[in-house]
Amino acid sequence: MEHWTNEDRYRPYNEWDNTYLEELKNQVQKSKWRLGFHIQPQTGLLNDPNGFSFFNNQWHLFYQSYPFGPVHGLKSWHHLTSTDLIHWKDLGLALQPSNHFDSHGIFSGSALSTPEGLALMYTGNVRDCNWKRHSYQNIAIVNIDNAINKITEPVITTPTNIFTEDIRDPQLLNINKEYKVILGAQTINKTGAIAVFNGHSLGDLKYQGELKIDKELSGYMIECPNLVFIDKHPVLLFCPQGLEHKQHKYQNVYPNTYLTGESFSWDSLEIKHPHALANLDEGFDIYATQAFNAPDGRALEVSWVGLPEMEYPTDSDGWSGALSLVKELTLKNGELFQYPVKETKELRKNEQVNIKQLADSSNQYELEVQIKDNQTGELQLLRSEDGQHYLSLHFDTTMGRLVLDRSHSPQPINVKFGQKRIANVSSHSDLKLNIFVDNSVVEIFVNNGEKVFTSRYFPLSNESGINVKTSDENDTIRTKMWNLSKTNHN
């Protein structure tokens, strides 16, 4: 479908013809940009990760889905389970609009293991006859057989004397045997906010107040707030929309940011002694990150590899969006480090060393590059045979500067937001890069996760070369490369 009307986008799922969906599935399977080991939709749109949790001896992960095309329409949740965070079993559509409190979409939310089962908390999107939005925070319960039952009434309705109906993306927490909910919101004064509710049961949640954040860092709306704790230090992830560039440096349409601090007070709802606001990812395409404190002691996260209001070349193939690798979060002197979970190493096979030039790779690999201090150079990935097309990473270990450049792409992507992304690391220091290439997704981890660049890149069918160039005449650069096993079967 080329031209999507509101009637098309919000057509009930049971009114779509099965033949249309099968034809769309066949079209998607022919796409040259399908992924090997990143989560991707079978058809249509994948955006926010949701309900990332551990329950009944399994990891659970949902994503917001619109299966009928690569557009934002009547949203549902798609359900995946795993025993190792890298191989995911697809359980299909899990939550669909079905009642007065979610009639126009199952918007994003979280999950928490409770005595009743896995509680999914989500925002129900409702439009009235004048197309005015109404938002409700709803609960559904997953049992040990992965059957899902919705609670019929909302557990939170919008306090409209404080917030507009742009209030969504609940994170459900259990803190000292009390339920806490944090919600991305917009105040009636059109500033971004994080609303906090609490209660001793899910049926008794009351408004507590706003989480204290500098209003200059809040934009006009905050989406996807997530609070985790690492060694008792708080880490708040959130996406402020409309944030002034003079207050925070970023280039994407909306940033995904984080704040850390010494401690968190649930009485005053504030991070004590916060560090400066920082970008979660330095690349072109990351948003709506979801994190939680897992029962094994790790703080884990996963992100949407994509951005709102953007277009991607896969749109013409009938699909859009992917999820990042699952990453573990650690803190060092208040700075957040993100690195793929240790289980990711299980994908490695066929190790090669000292790869400097390779004309034809699998486009599904991990490349590790170690660069000595006081060097400059360039790493070209997904390179065409004639050297005209490639994704470039320039490095300067003297200045401590990295520049990711996709201006040589055969498929320009959202160029009005710039074609370069820059990150700074320690100067006059060695540099380590671990790069995960998966056909049209590239994740670059710098110095074991000190910085991360996540980006979409869309090579043509014959573009799979690797080229490493450096100023060091003694050639002290060291590389390792592993092909990575395929986990996707759709």
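**Before you start**

The model is predicted, so local features need pLDDT of at least 70, side-chain atom pairs count only at pLDDT 80 or more, and totals for chains, interfaces and linings use all residues. Residues are numbered from 1 along each chain as its sequence is written, and side-chain values use heavy atoms, with hydrogens and water left out.

**Stop 1: Pro225**

Select Pro225. It sits in strand 14, residues 221-230. Strands here are DSSP runs of E, at least two residues long, numbered from the N terminus. Is Pro225 buried or exposed? Pro225 is buried, at a relative accessible area of 0%. Buried means under 20% relative accessible area, exposed over 50%, and partly exposed in between, using a 1.4 Å probe and protein chains only.

Now show what touches Pro225. Leaving aside neighbours within four places in sequence, its contacts are Asp169, Gln171, Ile182, Leu183, Gly184, Ile194, Leu237 and Phe238. A contact is a pair of heavy atoms within 4.5 Å. Draw a distance to Ile194: the C-alpha atoms of Pro225 and Ile194 are separated by 7.2 Å, and the two residues are 31 apart along the chain.

**Stop 2: the cavities**

The structure holds 2 cavities of 30 Å³ or more. On a 1 Å grid over the protein atoms alone, a cavity is a set of points where a 1.4 Å probe fits but cannot get out; a pocket is an open set with protein on both sides within 12 Å along at least five of seven lines; lining residues have an atom within 4 Å of a point. Grid points are joined across faces, edges and corners, and a volume is the space filled by probe spheres set on the points.

The largest cavity has about 90 Å³ of space. Select Gly109, Asp169, Cys224, Asn226 and Gln290: of its 15 lining residues, these lie nearest the centre. Two or more lining residues come from each of strand 1 (44-55), strand 5 (106-114), strand 10 (163-175), strand 14 and strand 20 (287-293). By class, the lining has 5 nonpolar, 8 polar and 2 charged residues. Ala, Val, Leu, Ile, Met, Phe, Trp, Tyr, Cys and Pro count as nonpolar; Asp, Glu, Lys and Arg as charged; the others, Gly among them, as polar.

Next, select Phe284, Arg406, Asn414, Phe417 and Arg421. They lie nearest the centre of the second largest cavity, which is lined by 13 residues. Its volume is about 50 Å³.

**Stop 3: the pockets**

Select Asn47, His72, Lys75, Glu223 and Pro308. These lie nearest the centre of the largest pocket, which has 36 lining residues. Its volume is about 730 Å³. Which strand gives the largest share of the lining of the largest pocket? Strand 1 does, with 3 residues. The lining divides into 16 nonpolar, 10 polar and 10 charged residues.

Move to the second largest pocket, with about 630 Å³ of space. Lys249, Asn279, Glu282, Ile422 and Ala423 are the closest to its centre, out of 29 lining residues. Strand 31 gives the most to this lining, with 4 residues.

**Stop 4: strand 35**

Select residues 465-470, strand 35. Strand 26 (residues 357-358) pairs with strand 35 in the antiparallel sense over 2 bridges. Two strands pair if DSSP finds at least two bridges between them. Gln357 has Asn467 as its bridge partner in strand 35. Strand 28 (residues 376-383) also pairs with strand 35 in the antiparallel sense, over 5 bridges. There, Leu379 is partnered by Val468.

**Stop 5: salt bridges**

Side chains of opposite charge can pair when their charged atoms come close. The whole structure has 19 salt bridges. Each is a side-chain nitrogen of Lys or Arg within 4 Å of a carboxyl oxygen of Asp or Glu.

Select Lys150 and Asp102. Their salt bridge spans 2.6 Å, N to O. Lys150 is in strand 8 (residues 148-150), while Asp102 is in the loop between strand 4 (88-95) and strand 5, 48 residues apart. Lys150 is buried at 19%, and Asp102 is buried at 0%.

Select Lys432 and Glu368. Their closest N and O atoms are 3.9 Å apart. Lys432 lies in strand 32 (residues 431-438) and Glu368 in strand 27 (residues 364-371), so the pair ties together parts 64 residues apart in sequence. Lys432 is partly exposed at 21%, whereas Glu368 is buried at 10%.

Finish with Arg133, Asp166, Arg168 and Glu223, which are linked in a network of salt bridges.
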